Amino acid sequence: TLEMDDARASVLMQPEAERMVEDIRLLTIEEIGTAAWTKQHQSLEKLNMQAQICVMNQADEFVVEALIDHEKVPILIHDLLVTEAWKEKVLPLVQEELAGAHYVKLYLIMYHESIVLGLLEKAFFTATAVAAGGDLLVELADYCYRRTVFLNNVDPQKIEPEHSNREELKEELLKQTDVDRVEEQKIKIDFGAGIAALTLLRFLAENAQSMPVSVLSRMLNEQDVLQTVIPLMDQPPWKRTRKGKTEKYNDGKWTEVGPDDYHRLTKTEAQVWLLINSLLLDSECRRRYEWTEQRKQTVMRLSKFFNELLIDQLPVLQDLRRMVETLAFQTPPNTTDARSVVIEQLPEIRSRLLKSDWQGIAKVFRDRQMKQTPQELQAEMSDLASMYDMLNIEEFMEDPKCSVCGLPAEKRCSKCKMEWYCSRKCQVSAWKGHKSLCETLCALPARPDDAGGAGAATMASGVTQMTSGITQITNDAPGVKSILPSSRAPKIQ
């Protein structure tokens with residue numbers, strides 16, 4: 001449990017958060033990476049952190065309320081789509097040239113998707129925020145569907161690849177190129193986005209009554225989210241075996257699960273069950289879902305997962321269990337309302353984005369970054385350092401681990417103060433991959449209150465913190481929300 005007094009807990013006061021929310025504007029894909037985009041990115045990061053603290057402390061959720069009151073939920077959805085398209089189409093065109101000197105900027109853009117998802121997760125806990133999505137809910141539903149398809153095809157073993165020993169890991173790090181480093185972070189972020197998409201789908205399904213009928217119909221029938229989610233139960237991407245031991249993905253990180261905890265539901269698993277429960281039992285979903293024999297057979301596959309341990313942990317699934325069991329000898333519910341007077345709504349924003357001049361957008365972005373002077377780069381880095389210093393990232397961090405082998409670490413890079421190591425040997429083996437970022441951080445100009453270079457270390461720790469993924473929201477008890485920080489970075493001394 002995280003315990004903080006009010007002064008330390010607050011990243012933003014309510015009036016400041018209100019002003020930041022008011023200033024959120026629609027940005028085009030051409031503006032990604034510009035000064036205006038970076039400023040908005042920082043604002044969203046602060047709002048996301050403050051929203052997280054409000055939920056942790058069960059305090060007034062003024063950030064979420066401001067997003068709803070100022071009608072910014074559709075803008076967040078648009079921002080999510082733009083970032084997704086940029087990662088998909090522009091990043092492959094620029095990473096070869098920019099992955100070294102401009103790694104931080106590329107990472108910030110990739111991680112931006114996580115920030116927006118975090119805000120939407122917190123907001124969509126309330127039906128009001130779901131309704132505020134309006135016509136863009138069809139875009140969000142499509143986005144979540146794409147992420148669910150990704151989860152069905154991803155190999156969890158490729159997320160933080162396994163190495164048999166320390167020497168093999170060191171050898172791999174020495175061979176790793178700047179592009180490899182970007183790709184490694186991208187798949188981790190994409191995986192976290194897929195897990196977050198399951199949570200958003202759950203909130204959409206639970207609020208089916210307040211969604212446009214065309215959006216619900218598209219989710220249930222055109223996308224058939226149910227038939228995409230159920231296969232995840234057979235081959236869960238959030239579970240893997242390493243060195244004979246089971247690991248599960250929870251709270252943004254992989255953790256070893258002992259025999260006694262193997263059947264204990266993680267937050268991710270609970271979210272998936274609650275999503276399936278709503279898709280099959282919500283009255284509006286039942287009215288709109290078009291049953292076929294193939295769909296019936298897929299749903300019946302759930303029967304093998306039901307047991308008393310599951311029901312004890314999620315008693316709400318008792319009705320779902322009965323429903324699935326009766327499918328074997330009963331006809332599925334009547335679907336006469338499935339297609340009645342429904343005007344199909346299509347994802348226009350995504351379709352329009354995919355028609356963009358990607359080569360032209362990539363050239364403008366590449367030229368802008370390459371023309372950035374050392375002074376401009378330093379100013380940008382210093383601004384980021386100030387933000388992470390203000391966010392008090394240290395409050396959310398665990399004890400340091402060696403960046404090479406993962407063992408407890410007591411030493412860190414004497415120049416940038418970012419990377420931690422258990423020994424000189426590990427530090428030397430990691431230098432090739434760490435050198436470019438270290439030199440960039442060390443070039444930061446010292447602020448008057450930062451003569452020791454702590455700003456660089458704080459910014460660095462903030463960037464490392466971002467690799468943890470996306471914050472997960474769950475219901476610990478009726479009416480009570482809890483939120484935990486994801487996998488954490490080392491403490492900054």
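Modeller: A crossing of two helices is called left-handed when the near helix is turned anticlockwise from the far one by less than a right angle, and right-handed when the turn is clockwise. The model discussed here is predicted.

Biologist: Is the crossing in which H14 passes H18 left-handed or right-handed?
Modeller: Helix H14 covers residues 267–281 and helix H18 residues 318–326, and their axes come within 10 Å. The axes cross at roughly 60 degrees, which makes H14 oblique to H18. The way H14 passes H18 is left-handed.

Biologist: How do the residues of the contact of H14 with H18 divide into nonpolar, polar and charged?
Modeller: H14 contributes Trp273, Ile276, Asn277, Leu280 and Leu281. Asp319, Leu320 and Met323 come from H18. The division is six nonpolar, one polar and one charged.

Biologist: How many residues of the contact of H13 with H14 are nonpolar?
Modeller: The axes of H13 and H14 come within 11 Å and cross at roughly 145 degrees, and this crossing is left-handed. From H13 the contact takes Val225, Leu226, Val229, Ile230 and Met233, and from H14 it takes Val272, Trp273, Leu275, Ile276, Leu279 and Leu280. No polar and no charged residue takes part, and the number of nonpolar residues is 11.

Biologist: How many of the 10 residues of helix H13 are buried?
Modeller: Val225, Leu226, Gln227, Thr228, Val229, Ile230, Leu232 and Met233 are the buried residues of H13. Their cover includes helices H9 (137–153), H11 (178–206), H12 (213–222), H14 and H16 (293–300). Helix H13 (residues 225–234) is therefore largely enclosed by the rest of the structure, and the number of its residues that are buried is eight.

Biologist: At roughly what angle do the axes of H3 and H7 cross?
Modeller: Helix H7 spans residues 103–123, and its axis and that of H3 come within 9 Å. H3 passes H7 in a left-handed crossing. H3 is oblique to H7, the angle being roughly 40 degrees.

Biologist: How many residues of the contact of H3 with H7 are charged?
Modeller: On the H3 side the residues are Trp37, Thr38, His41, Leu44, Glu45, Leu47, Asn48, Ala51 and Gln52. They meet Lys105, Leu108, Ile109, Tyr111, His112, Ile115, Val116, Gly118, Leu119 and Lys122 in H7. The contact has 10 nonpolar and six polar residues, and the number of charged ones is three.

Biologist: Is Gln58 buried or exposed?
Modeller: Gln58 is in the loop between helix H3 (35–56) and helix H4 (62–69). Its phi is near 50 degrees, a positive value in a residue other than glycine. The cut-off for exposed is over 50% relative accessible area, so Gln58, at 59%, is exposed.

Biologist: Is Asp251 buried or exposed?
Modeller: Asp251 lies in the loop between strand S2 (245–250) and strand S3 (253–256). Phi of Asp251 is near 55 degrees, again positive in a residue other than glycine. Buried means under 20% relative accessible area, so Asp251, at 13%, counts as buried.

Biologist: What percentage of the 493 residues in the protein is buried?
Modeller: The protein has 23 helices and seven strands. Its accessible surface comes to about 21700 Å², with 50% belonging to carbon and sulfur atoms. Of the 493 residues, the buried share is 55%.

Note on methods: Residues are numbered from 1 along each chain as its sequence is written. This is a predicted model: local features need pLDDT of at least 70, side-chain atom pairs count only at pLDDT 80 or more; totals for chains, interfaces and linings use all residues. Side-chain values use heavy atoms; hydrogens and water are left out. Axes are lines fitted to C-alpha atoms, for helices over the stretch in contact, and angles run from 0 to 180 degrees between N-to-C directions. Helices (H or I, at least four residues) and strands (E, at least two) are DSSP runs, numbered from the N terminus. Angles under 35 degrees count as roughly parallel, over 145 as roughly antiparallel, 65 to 115 as roughly perpendicular and the rest as oblique. Contact means heavy atoms within 4.5 Å. Ala, Val, Leu, Ile, Met, Phe, Trp, Tyr, Cys and Pro count as nonpolar, Asp, Glu, Lys and Arg as charged, and the others, Gly among them, as polar. Buried means under 20% relative accessible area, exposed over 50%, partly exposed in between (1.4 Å probe, protein chains only). Accessible areas come from the Shrake-Rupley method with a 1.4 Å probe; for residues, only the protein chains shown count as cover.
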